[in-house]
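Subject: Structure handover and notes

Hi,

Here is the structure I promised to pass on.

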Amino acid sequence: MNEIAVLIPCYNESKTIEKVVKQFKEALPEAVIYVYDNNSTDGTAEIAKAAGAVVRYEYQQGKGNVIRRMFREIDAKCYIMADGDDTYPADEARKLCDAVLKRNADMVVGDRLSSSYFEENKRPFHNFGNTIVRGSVNKMFRSNIRDIMTGYRAFSYLFVKSFPVLSKGFEIETEMTIHAIDKNMRVENVIIQYRDRPEGSESKLNTYSDGMKVLLTIVKLFKNYKPFAFFAWITALLFVIATAFLVPVLLDYFDTGLVLRFPTLIVCGFVYLAAIQAFFTGLTLSTIKQKNMQDYEMNLMLLQDMYQRRCVESEQYFTGRYECEVHSFKSGNLQLESICEKVL
């Protein structure tokens, strides 16, 4: 198990990946740098490998697919996720690691929006979109995450191994954030400096299509994670609509003693039934959600136990290897060294 793993998903980042890898190696010399190439055609993988990164591949296109592969394959006490476009400073990584390793944070958010993002980023619609997304998530989920869309984060082992990756593209950051809030994980905001992409490096994020995907993801996750609140809003809306159309019918009835608009009355009755059905749907789903939360907490306990055993095994491995190497060196016995290798 690695002490620190730096995860860098890449798609055509040949202009910047060498600099990014070298900066992280300098900032975190004990870390293993993993670059996951996502069908690049500009030699990104070869450049990253030459710079000293461990290069692996994910052939399903999309950042969410890459992160799913990373989280499945890599075991570490602390994970740093960054982009390969040289927009996030590697010298800030130690602050994110300390929050995980020393303060037991489960997710650390590299907050760009509280520092230089709005000055550095030259795309006004990106700025507007980040503000909308941050406000929506914090309002819906009653949280205080300062940067929802940042690609610079740190994670604990428990977060990574208990996070079900469902998104395929850039909406993955939103999904991570809402998962951490919903599961009552410890989240820290760490302010980082942001710099815009260097000249010649192009963003893969489409402002309009990817922005719409993110907003739809927020609505979908609100439905999944807070079903009673979601269906309560639908119930209230249907109730108001039905009542608005029913009032004139009732006024006619009180004035004349006759129901003059039977079709409207019938439609209102069906809308009221739909409102009642939406209410009980939310009630049922919230009960299922509560049971899922209980199961999640029990599985988290098992995962914590497995993590502790992995840490002990890892420490025993390196301690045993060190003792064998010292003994072999002192005795000059190559046969003893080979025996130690077999035991370990």
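Let me start with Ala 236, which counts as partly exposed because its relative accessibility is 38%. (Buried means under 20% relative accessible area, exposed over 50%, and partly exposed in between, with a 1.4 Å probe and protein chains only.) Ala 236 sits in helix H10. Its C-alpha atom is separated by 9.5 Å from that of Ala 278, 42 residues apart along the chain.

Some housekeeping before going on. This is a predicted model, in which local features need pLDDT of at least 70 and side-chain atom pairs count only at pLDDT 80 or more, while totals for chains, interfaces and linings use all residues. Residues are numbered from 1 along each chain as its sequence is written, and side-chain values use heavy atoms, with hydrogens and water left out.

**The chain as a whole**

The protein chain has 12 helices and seven strands. Helices (H or I, at least four residues) and strands (E, at least two) are DSSP runs, numbered from the N terminus. Of the 344 residues in the protein chain, 44% are buried. Taking contacts in the protein chain with a separation of 6 or more, 75% are between residues 24 or more positions apart; contact means heavy atoms within 4.5 Å.

**Helix H3 and its neighbours**

Helix H3 (residues 63–73) is mostly covered, with eight of its 11 residues buried. Those are Lys 63, Gly 64, Asn 65, Val 66, Ile 67, Arg 68, Met 70 and Phe 71. What do they pack against? The partners are strands E1 (2–10), E2 (32–37), E4 and E6 (153–156), together with helices H7 (157–162) and H8.

Two packed helices are described by the angle between their axes and the distance between the axes. For H3 and H8 the angle is about 55° and the axes are 9 Å apart. Axes here are lines fitted to C-alpha atoms, for helices over the stretch in contact, and angles run from 0 to 180 degrees between N-to-C directions. H3 and H8 are therefore oblique to each other. (Angles under 35 degrees count as roughly parallel, over 145 as roughly antiparallel, 65 to 115 as roughly perpendicular and the rest as oblique.) On the H3 side the contact uses Lys 63, Gly 64, Ile 67 and Phe 71, and on the H8 side Ile 172, Glu 173 and Met 176. By class, these are four nonpolar, one polar and two charged residues. Ala, Val, Leu, Ile, Met, Phe, Trp, Tyr, Cys and Pro count as nonpolar, Asp, Glu, Lys and Arg as charged, and the others, Gly among them, as polar.

Also in H8 is His 179, which counts as buried because its relative accessibility is 1%. Leaving aside neighbours within four places in sequence, His 179 touches Phe 159, Ser 162, Phe 163, Pro 164, Met 185, Tyr 225 and Tyr 296.

**Where H9 meets H10**

H9 and helix H10 (residues 227–256) pack at about 110°, with their axes 5 Å apart, so H9 is roughly perpendicular to H10. H9 contributes Val 219, Phe 222, Lys 223, Asn 224 and Tyr 225 to the contact, and H10 contributes Pro 227, Ala 229, Phe 230 and Phe 231. Seven of these residues are nonpolar, one is polar and one is charged.

**The second largest pocket**

This pocket has a volume of about 350 Å³. Its lining has 18 residues, of which Lys 183, Asn 224, Tyr 225, Lys 289 and Asn 292 lie nearest the centre. A pocket is an open set of points on a 1 Å grid over the protein atoms alone, where a 1.4 Å probe fits, with protein on both sides within 12 Å along at least five of seven lines; lining residues have an atom within 4 Å of a point. The volume is the space filled by probe spheres set on the points. Helices H8 (172–182), H9 (209–225) and H11 (262–331) each supply at least two lining residues, and the largest share, six residues, comes from H11. The lining of this pocket has nine nonpolar, four polar and five charged residues.

**Two positive phi values**

Asp 86 has phi near 65°, a positive value in a residue other than glycine. Asp 86 lies in the loop between strand E4 (76–81) and helix H4 (93–101), and is buried at 6% relative accessibility. Asn 184, also not a glycine, has a positive phi of about 55°. Its place is in the loop between H8 and strand E7 (187–191), and Asn 184 is exposed, with a relative accessible area of 70%.

Best wishes
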